[in-house]
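Hi,

Here is the structure I promised to pass on to you. Have a look at it first, then read my notes below.

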Amino acid sequence: MADNSNELMDKLVALCKRRGFIFQSSEIYGGINGFWDYGPLGVELKRNIKDHWWNTVVRQRDDMVGVDCSIIMNPRVWEASGHVTNFNDPLVDCKGCKARYRADKVFTVEVKDGENMLLLAGVDADNADQAKAAATEKANSKTRRRLEEKGDSLAWNMFRADQAQGQTSRCPNCGQELTDARKFNMMFKTFVGAMEDSSAVAYLRPETAQGIFANYKNVLDTSRIKVPFGIAQVGKSFRNEINPRNYTFRSREFEQMEIEFFCHPKEADKWYEYWRDARYKWYVDLGLKSSKLHLRNHEKEELAHYARACADVEYEFPFGTSELEGIANRTDFDLTQHQKFSGRDMTYFDDETKEKFIPYVIEPSGGCDRATLAFLCEAYTEDQAPDEKGVMQTRVVMKFHPALAPIKVAVFPLVKKEGMPEIAQKIHQACKQANLVSFYDEKGAVGRRYRRQDEAGTPFCVTVDGQTLADQSVTVRERDSLKQERIPADKVVQYVQERIR
Ligand code: GAP
């Protein structure tokens, strides 16, 4: 990770806290690792993302319906899905400081220059490249210079703690030995009812998908929908991640936006390609630059035993390139498992062809918090803009797609007199009545009010001034181009509505 990437992340995290996008959960008690709260601006941004997803994949289609399932389900669901036995991460403990790590994220790095050992260190990193960069960083400055000068000619020996073969893995914190890796189930356990015994054990769902599978028959029986069709759900999921990290990227409580699309097995390849490309395009349409967005097809060896194909939509975050969404052809695995464990018939009967079959499932599964973080990273911009006196200054501006921007319009009276506040209030209220999130601000110089809205990512600022009193026109200033134009005061709602689609 380059230094300036860290710096960018630090600036973004500070802005998110300062402006009320994201707060640490229970911060007044010192926080709790892996849990985050969205503030007034963050909740609007996240809601816009979820609404946009729901409109695109459910409301604008004839072949999709939605559900909203409970978070705690019968524990048999998680036996059928394989989560009770297989939803494990490899865990290692430090024998010295007792710190815990995900074994597949801990690299032990040896760097040798000829016979001289330059560095032996444990590094907590997402992949080998990051581990190499962090190890270089860990070395003292003299060693670092030699590392940088020699580059790849140095002998690097690096192994992951879960793949160590007789080698000793080192703790990234204190450098002491780590234990061998062991399995750790990531589902949060709880008890249902008054008894806290094994018969009362239940789990917080680690994915929203299983609620959809469990309701597949209910949906078929109660709606007129026919294969091919999909069921969509947005909701919270919980995973007891060993090392939550990278801000909200890997949390213990997060929201998913998942689709299970049921189709004839012979059409599964076609639908898989359709959904993979459609989901990639959704992110680009909402403003993620295609140069930073990658569609990575999984190699055969990476696929789960039941999956026929899988691709990840990945984004270049400042901390590295990581997954936003996975699109998988899960075959008939899930429905077959639920048929076996529940004893209910999961076959589909096609009236026209008289064929009976268990549908294949294409699953586009995205993380809402990861999408939010990607849109925040993409939006963060520092550019030059003139201040009140026309002097160029650096401004921080969140260049959200207008459809995602938390506040759509800010309304200012130029001064707090001559009836300007009353007119501005009227425009502000008209925007609110049209369900446009509007912010009224009469405090301080107009330039400073613009800057505050730039940081919030508000695409339009409307100013009521002296000319408004004469001809009922107002100034609209556009966030990115800084261009100003005059429009009739009674056309503000329409103007904004047309530009935020
Ligand atoms: N039903 C399939 C499934 O859950 P997954 O790849 O484990 O697949 C899907 O999760 C998406 O959920 C990921 O692409 C990611 O966006 C999001 N996600 C998973 N774990 C997460 C975590 N710990 N924190 C935030 N988002 C997470």
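The lining of the second largest pocket divides into 8 nonpolar, 8 polar and 7 charged residues. Here Ala, Val, Leu, Ile, Met, Phe, Trp, Tyr, Cys and Pro count as nonpolar, Asp, Glu, Lys and Arg as charged, and the others, Gly among them, as polar. Please keep in mind that this is a predicted model, where local features need pLDDT of at least 70, side-chain atom pairs count only at pLDDT 80 or more, and totals for chains, interfaces and linings use all residues. Residues are numbered from 1 along each chain as its sequence is written, and side-chain values use heavy atoms, leaving out hydrogens and water.

Helix H2 (residues 40–59) gives the largest share of that lining, 10 residues; helices are DSSP runs of H or I with at least four residues, strands are E runs of at least two, and both are numbered from the N terminus.

Next, is Asn-329 buried or exposed? Asn-329 sits in strand E16 (residues 320–329), and Asn-329 counts as buried because its relative accessibility is 0% (buried is under 20% relative accessible area, exposed over 50%, partly exposed in between, with a 1.4 Å probe and protein chains only).

A polar backbone atom of Ser-251 lies 2.8 Å from a ligand nitrogen atom, while one of Gly-367 is 2.9 Å from a ligand oxygen atom.

Enjoy exploring!

Key. A polar contact is a pair of N or O atoms within 3.5 Å; within protein, one must be able to donate a hydrogen and the other to accept it, and residues adjacent in sequence count only if both atoms are side-chain atoms.
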